[in-house]
Protein chains: 2
Amino acid sequence: MGPDPTTAPREPRADEDVAERLRSAGLSPTQRRRRVLEAVEHRQRPVSAHELYVELAGQGHRVGMSTVYRALSALAEAGLLHVFAGDGETRYRLCAAGRHYHLVCRRCGTVREYPADDDGAWLDRIAADADFQPDPRKAEVQGVCGTCLRAGQNGTAG
Amino acid sequence: MGPDPTTAPREPRADEDVAERLRSAGLSPTQRRRRVLEAVEHRQRPVSAHELYVELAGQGHRVGMSTVYRALSALAEAGLLHVFAGDGETRYRLCAAGRHYHLVCRRCGTVREYPADDDGAWLDRIAADADFQPDPRKAEVQGVCGTCLRAGQNGTAG
DNA sequence: ATATTTGCAAACTGTTTGCATGTGT
DNA sequence: ACACATGCAAACAGTTTGCAAATAT
């Protein structure tokens, strides 16, 4: 917040990190794009364009809806964000580097990235077994996360 | 149509099968619903409401779009159809009985159901390992099927 | 100075809904 | 007869797009 780098001359603040990331993804690190990436980054559950718009507006930032949409699309296309298509709204979430697939909780919506190699190369087995070449980044398992499971043991049984 | 069962008393035609299925799903087997279920049933790749509408219209059947939407939703809710959320359009596909997950081909759109037990209970491993209770019916792996793979070996390398 | 990016508002697409009519039992 | 399913058209939600003003390099 204090634009006085006297005492912090070299420290790569998250801010700069984000800009860097945008740059190496081939996107000019404009203020809006940085804001969007930052906002997405801190979330465990995928976020929709509208949610983001509201959040940014709530922080006093003037951003147009179309800008949010455009930023999100660009970031996704650049491989920085994962896309989740669920009911009607498209949602986005930060995308990690390694081979992994997604564990998405049906109750709280949180998405966890599960290393695709921790499970004995399950994906590779599919490749051989089913004559199918899986994309580890596009594998998704829905279910209920432990937290929600314990929280709602007595909920809607079925 | 012909309220005269004199000559066709006992034969379980596919038609009746479909009706039966609807009934046991708690849905009255109306003509439109039967048509929709039949039309979905014969497809390997999930179909959208609009595609179905066009197909039915092409067969000379008068069906309203909203009816198609309503039928599809009802069938999905009854567990007879799987829902695929991909880009913008919701798509539906017949849902098999056993534990399985989906192998969806990014190129041709075909979805194959892969028995969830053929792979050493991968899903169960997740449950224990990641503190997450997976829903076998809601697991989806995207990739490229063998057919498309072989057909387009020289295509867009990447 | 020049190429991008942004915001706005209007256009679009896929989907849902109210209501009168038609259909199944 | 009666409840439910259907069709139509209008309403909606999410998303995209054209274009002039703002911004970045």
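Trainee: Hi! Which domains does the assignment give for chain A?
Mentor: Chain A is split into domain 1 (12-94) and domain 2 (100-150), with bounds that come from an automatic or database domain assignment. Before we go on: this is a predicted model, where local features need pLDDT of at least 70, side-chain atom pairs count only at pLDDT 80 or more, and totals for chains, interfaces and linings use all residues. Residues are numbered from 1 along each chain as its sequence is written, chains are lettered from A and ligands numbered from 1 in the order in which they are written, and side-chain values use heavy atoms, with hydrogens and water left out.

Trainee: Got it. What separates the centres of the two domains of chain A?
Mentor: Taken over C-alpha atoms, the centres of domain 1 and domain 2 of chain A are 24 Å apart. In chain A, 7 residues of domain 1 are in contact with 10 residues of domain 2, where contact means heavy atoms within 4.5 Å.

Trainee: New topic: what strand order does the open sheet in chain A have?
Mentor: The order is β1-β3-β2, an open sheet of 3 strands with antiparallel pairing. At its edges are β1 (47-48) and β2 of chain A, each pairing on one side only. Two strands pair if DSSP finds at least two bridges between them. Helices (H or I, at least four residues) and strands (E, at least two) are DSSP runs, numbered from the N terminus.

Trainee: And how many bridges join β2 and β3 of chain A?
Mentor: There are 4 bridges between β2 (residues 81-84) and β3 (residues 91-94) of chain A, and the two run antiparallel. A:H82 has A:R93 in β3(A) as its bridge partner, while A:L81 stands opposite A:L94 in β3(A). The hairpin of β2(A) and β3(A) has 6 residues between the strands, and A:G88 takes a positive phi near 75° there.

Trainee: Let's look at the DNA. Which residues come nearest to DNA strand C?
Mentor: A:T30, A:R32, A:R33, A:T67 and B:Y69 come nearest, out of 16 residues around DNA strand C. A residue is near a strand if one of its heavy atoms lies within 4 Å of it. By class, that surface has 2 nonpolar, 8 polar and 6 charged residues. Here Ala, Val, Leu, Ile, Met, Phe, Trp, Tyr, Cys and Pro count as nonpolar, Asp, Glu, Lys and Arg as charged, and the others, Gly among them, as polar.

Trainee: Which residues are closest to DNA strand D?
Mentor: A:Y69, B:T30, B:R32, B:R33 and B:T67 are the closest. A backbone N or O atom of B:G64 also lies 2.8 Å from a phosphate oxygen of DNA strand D.

Trainee: Last one: what rotation superposes chain A on chain B?
Mentor: A rotation of 180° with 0.0 Å of shift along its axis does it, giving RMSD 0.1 Å. That is the relation of a two-fold axis. The same surface serves both copies, since 97% of the contact residues of chain A recur in chain B. The superposition is by least squares on the C-alpha atoms of residues with pLDDT of at least 70 in both copies.

Conventions. Polar contact = N/O pair within 3.5 Å; in protein donor to acceptor, adjacent residues only side chain to side chain.
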